[in-house]
Amino acid sequence: MGFEVPVFVHLRHSDRQQLAAFDEGLVAIPEVNQAERLFGTPGYLLRVETEDLDAYQRLFEEQRANTNQLMSTIVMRRVIATRPMPIQRKPPPQGCLGDRRPRIVRRSGEGEGPLQPRSEAI
């Protein structure tokens, strides 16, 4: 296989039984290598992989009867391939929203002594 296509699917009906049946039907199609049910419209996002464009067209025509609309997009070029998410996040720079480190301040009338951290976070 080497022809990969993202496909958006709009269903004619969307009660629980029909959604469950559609989910099971997707599992039975080996060319569907990823399927996600979405909130709102469209109802599903699929990643379909076939041998070539002709094989995709045959699959598309076979499955079209089960949906209200199939919309596929042919990818011109993959800019970033799937990559792992970072395991650890870098701490935010000081002063960013969410920074809970104590801030050093001098209140008016406190003299010239050493600065002390305030007890509350910023």
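1. A salt bridge here is a side-chain nitrogen of Lys or Arg within 4 Å of a carboxyl oxygen of Asp or Glu. By this rule there are two salt bridges. The model is predicted: local features need pLDDT of at least 70, side-chain atom pairs count only at pLDDT 80 or more, and totals for chains, interfaces and linings use all residues. Residues are numbered from 1 along each chain as its sequence is written, and side-chain values use heavy atoms, with hydrogens and water left out.

2. R47 and E4 form a salt bridge at 3.0 Å, N to O. R47 belongs to strand β3 and E4 to strand β1, so the pair ties together parts 43 residues apart in sequence. Strands (E, at least two residues) and helices (H or I, at least four) are DSSP runs numbered from the N terminus. R47 has a relative accessible area of 26% and is partly exposed; that class lies between buried (under 20%) and exposed (over 50%), with a 1.4 Å probe and protein chains only.

3. D23 forms a salt bridge with R37, with the closest N and O atoms 2.3 Å apart. This pair links distant parts of the chain, D23 in helix α1 and R37 in strand β2 (residues 32-37), 14 residues apart. D23 is partly exposed at 27% relative accessibility, and R37 is partly exposed at 46%.

4. H10 sits in strand β1 (residues 3-10). H10 counts as buried because its relative accessibility is 16%. Leaving out residues up to four places away in sequence, H10 touches T41, P42, G43, T67, N68 and Q69, where contact means heavy atoms within 4.5 Å.
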